[in-house]
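Here is a short briefing for a reader new to this structure. Start with the view below, then work through the points by topic.

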Amino acid sequence: MTEVNNYAFESIEVNEYSVKCDGGDELMGHPRIFLEIAKEENKVICPYCSKIYIINKIG
Ligand SMILES: [Zn+2]
């Protein structure tokens, strides 16, 4: 059986709790918004494109 990615949508590791998202490219894009990663959850999901931003705690 093939290994399947558990995330339905793309996940991105970031180093800051404030991230901005514009959908990543012109075709899939949306107006640029700022997202705040909740420190209890360590992740935030963009309401436009459902990308998952996960804090990378290294360092
Ligand atoms: Zn987005």
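Strands here are DSSP runs of type E with at least two residues, numbered from the N terminus. By that rule, Arg 32 falls in the loop between β2 (18-21) and β3. The model is a predicted one. Its protein chain holds zero helices and five strands.

**Overall make-up**

- Read from the N terminus, the elements of the protein chain follow the order β-β-β-β-β.
- The protein chain has 59 residues, and 7% of them are buried.
- Take the contacts in the protein chain between residues at least 6 apart in sequence: 37% of these join residues at least 24 apart.

**The sheet**

- Three strands form an open sheet in the order β1-β5-β4. The pairing in this sheet is mixed.
- β1 (11-14) and β4 (43-45) are the edge strands, and each of them pairs on one side only.
- On average, neighbouring strands of this sheet are turned by 20° against each other, direction ignored.
- β4 and β5 (residues 52-55) run antiparallel, and three bridges join them.
- Which residue of β5 stands opposite Ile 45? The residue is Ile 52.

**Ile 33, in a strand**

- Ile 33 belongs to strand β3, which covers residues 33-36.
- Partly exposed residues lie between the limit for exposed, 12 or fewer, and the limit for buried, 20 or more.
- Beyond its neighbours within four places in sequence, Ile 33 is in contact with Lys 20, Cys 21 and Tyr 48.
- Ile 33 and Cys 46 are 13 residues apart along the chain, and 8.7 Å separates their C-alpha atoms.

- Lys 20 and Arg 32 are twelve residues apart along the chain, with their C-alpha atoms separated by 6.7 Å.

**Putting the two residues together**

Note on methods: Residues numbered from 1 in each chain as written. Predicted model: local features only at pLDDT ≥ 70, side-chain atom pairs only at ≥ 80, totals over all residues. Pairing = 2+ DSSP bridges. Helix = DSSP H or I, 4+ residues; strand = E, 2+ residues; numbered from the N terminus. Axes fitted to C-alpha atoms, helices over the stretch in contact; angles between N-to-C directions. Buried ≥ 20, exposed ≤ 12 C-beta atoms within 10 Å, placed from the backbone. Contact = placed C-beta atoms within 7 Å.
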